[in-house]
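I opened my notebook beside the viewer and went through this one piece by piece. These are my entries, in the order I looked things up.

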Amino acid sequence: MDIAIIGGGAAGFFAAITAKEQHPFANVTIFEKTNRLLAKVKMSGGGRCNLTNACDSIDEFVEAYPRGKRLMKKLMYSFSNKHTMNWFIARGVPLVTQSDNCIFPQSQNSESIVDCLFEEVNKLRIKVKLAKTIKEISKKDNKIKILFDNTKNEYLFDKVIIATGGSPKRDGLLWLENLGHTISDPVPSLFTFKIQRDEISKLQGIVIPDAICSIQSTNLVSSDALLITDWGFSGPTILKLSSYGARILNEMNYNFTLRINWSGVKDYNQIKEYIIQIKNEESAKQINNFRPYNFPTRLWVYLINKANLNPSKKWIEATQSDVNKLSSIIANDTYQITGRAKFKEEFVTCGGVSLNNINPNTLESKKFKNMYFAGEVLDIDGITGGYNLQAAWTTGYIAGLLK
Ligand SMILES: Cc1cc2nc3c(=O)[nH]c(=O)nc-3n(C[C@H](O)[C@H](O)[C@H](O)COP(=O)(O)OP(=O)(O)OC[C@H]3O[C@@H](n4cnc5c(N)ncnc54)[C@H](O)[C@@H]3O)c2cc1C
């Protein structure tokens, strides 16, 4: 059996290794368009590679996939985050789990993961061809014929696994569309929010551990840590909104109103009662000298100013209107978002080959026999935290079984 793996990233390597382990007599070849293999794995997690997440239950784990949740749930029973951890540990890569459940190699260096994958590929005698871009793919008798750029030779395969990663533009997936696949439009996911110049940017670096952020005129809400940056807002709560809202925010052209509840307390009345309690119990103190919810001093002073109150006023002097203004700014602060910005260098594409076109048990195309899919080329993507690489390992493994 001749097997072609198109794409030398995480999903392609995992598919190739699995295919060769399952079909030891097959010829397995990875064809990579560029001269670099596993480039994203190398860059991942800021060079440390957040290869998966330690989340205990599959039901909970798959909540991290705004797209592809149902399919991931099915596939993870065959290859889960636990399988990933055991796979790397068994091949001599010790792992560590951070307090936020993100898993990294103990070396804190993505090279450990890259080296391990290369070692397996070499050990299994999987061939690797660089600088090979597909020009044409078609059926010939019972085989799949592939023509690559810069060569007249035609290659014939029994099975082909497509692991070409996410494409930021639909054009990049045209060749798969031409084979009959439906393409869900690619749009960016995992980004941060930009605002026009605003006083809040002076608070860059401040993290609010549990802010509730929502996007006006949508039902997008997320509650997690919020980071103030010099261009706007970042942190897990913003990245989650950008991932869950990838399509809606794209349709809004990244222009929308972000609401921030700085307290993490959902109920406005509870916030107001707390402010009244402070007014009564800390009456002799200046407003800026008693910070509700343990707000950082600079943020609290900023919020008092934004509510048009004098920070050196005493709590006892606060009027009913002052209490209302403070409660409102804590519960309902708003910012006009004017664009998106990168999250570190990490980006993920939402969209790709529609999952309706794929057999959910095998990841074989329903449109093109003996063609399988793995990784970000599929319409699966997750939030930050190791979920995207786990999708590459899981789908790479299942596609590599070639069932
Ligand atoms: C900077 C950065 C940091 C990240 N950090 C993390 C992290 O810490 N944890 C996490 O879970 N996720 C992270 N991600 C996301 C994660 O890396 C990707 O989701 C994952 O690598 C996707 O793997 P893939 O194999 O599907 O695609 P890719 O890694 O994109 O690999 C696809 C390969 O196919 C090749 N290719 C494309 N078209 C063709 C063609 N026509 N013919 C031949 N070859 C082709 C490409 O050149 C590429 O080498 C990060 C992403 C980035 C960009």
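The entries below go from the whole chain to the ligand, a pocket and some single residues.

**Ground rules**

I am working with a predicted model, where local features need pLDDT of at least 70, side-chain atom pairs count only at pLDDT 80 or more, and totals for chains, interfaces and linings use all residues. I number residues from 1 along each chain as its sequence is written, and side-chain values use heavy atoms, with hydrogens and water left out.

**Whole chain**

I looked up the secondary structure and got 13 helices and 19 strands. Helices (H or I, at least four residues) and strands (E, at least two) are DSSP runs, numbered from the N terminus. I then took the extent of the C-alpha trace along its principal axes, which is about 85 × 40 × 35 Å. Of the 403 residues, 53% count as buried. For that I use relative accessible area: buried is under 20%, exposed is over 50%, and partly exposed is in between (1.4 Å probe, protein chains only).

**Ligand**

Which residues are closest to the ligand? I noted Glu32, Gly45, Asn50, Glu376 and Leu389, out of 29 residues that surround the ligand. The shell splits into 10 nonpolar, 12 polar and seven charged residues. In this sorting Ala, Val, Leu, Ile, Met, Phe, Trp, Tyr, Cys and Pro are nonpolar, Asp, Glu, Lys and Arg are charged, and the others, Gly among them, are polar.

I asked which helices supply at least two shell residues each, and H1 (10-22), H2 (39-47) and H13 (387-401) are on that list. H2 gives the largest share, four residues.

Next I went through the polar contacts, meaning pairs of N or O atoms within 3.5 Å; within protein, one atom must be able to donate a hydrogen and the other to accept it, and residues adjacent in sequence count only if both atoms are side-chain atoms. Gly45 has a backbone N or O atom 2.8 Å from a ligand oxygen. Lys33 uses a polar backbone atom too, at 3.0 Å from a ligand nitrogen. For Asn388, a backbone N or O atom sits 3.3 Å from an oxygen of the ligand. Taken alone the ligand exposes 1,000 Å², and the protein buries 92% of that. The areas are from the Shrake-Rupley method with a 1.4 Å probe; for residues, only the protein chains shown count as cover.

**Second largest pocket**

I put its volume down as about 270 Å³. The lining consists of Arg70, Leu71, Lys74, Ser354, Leu355, Asn356, Ile358, Pro360, Lys366 and Asp379. That makes four nonpolar, two polar and four charged residues. A pocket here is found on a 1 Å grid over the protein atoms alone, as an open set of points where a 1.4 Å probe fits, with protein on both sides within 12 Å along at least five of seven lines; lining residues have an atom within 4 Å of a point. Grid points are joined across faces, edges and corners, and the volume is the space filled by probe spheres set on the points.

**Positive phi**

Asn101 is not a glycine, yet its phi is near 80°. I found Asn101 in the loop between S4 (95-97) and S5 (102-105). Asn101 counts as partly exposed because its relative accessibility is 31%.

Arg125 also has a positive phi without being a glycine, at about 55°. This residue is in the loop between H6 (111-123) and S6 (127-129). Arg125 has a relative accessible area of 71%, so it counts as exposed.

**Asp158**

Where is Asp158? I located Asp158 in the loop between S9 (154-157) and S10 (159-162). Its side chain makes a polar contact with the side chain of Lys143 at 2.9 Å. A polar atom of the Asp158 side chain also lies 2.7 Å from the backbone nitrogen of Asp2.

Is Gly382 buried or exposed? Gly382 is buried, because its relative accessible area is 0%. I placed Gly382 in the loop between S19 (371-373) and H13.

Ala341 belongs to strand S17 (residues 333-342). At 15% relative accessible area, Ala341 is buried.

Note on methods. A residue is near a molecule or strand if one of its heavy atoms lies within 4 Å of it.
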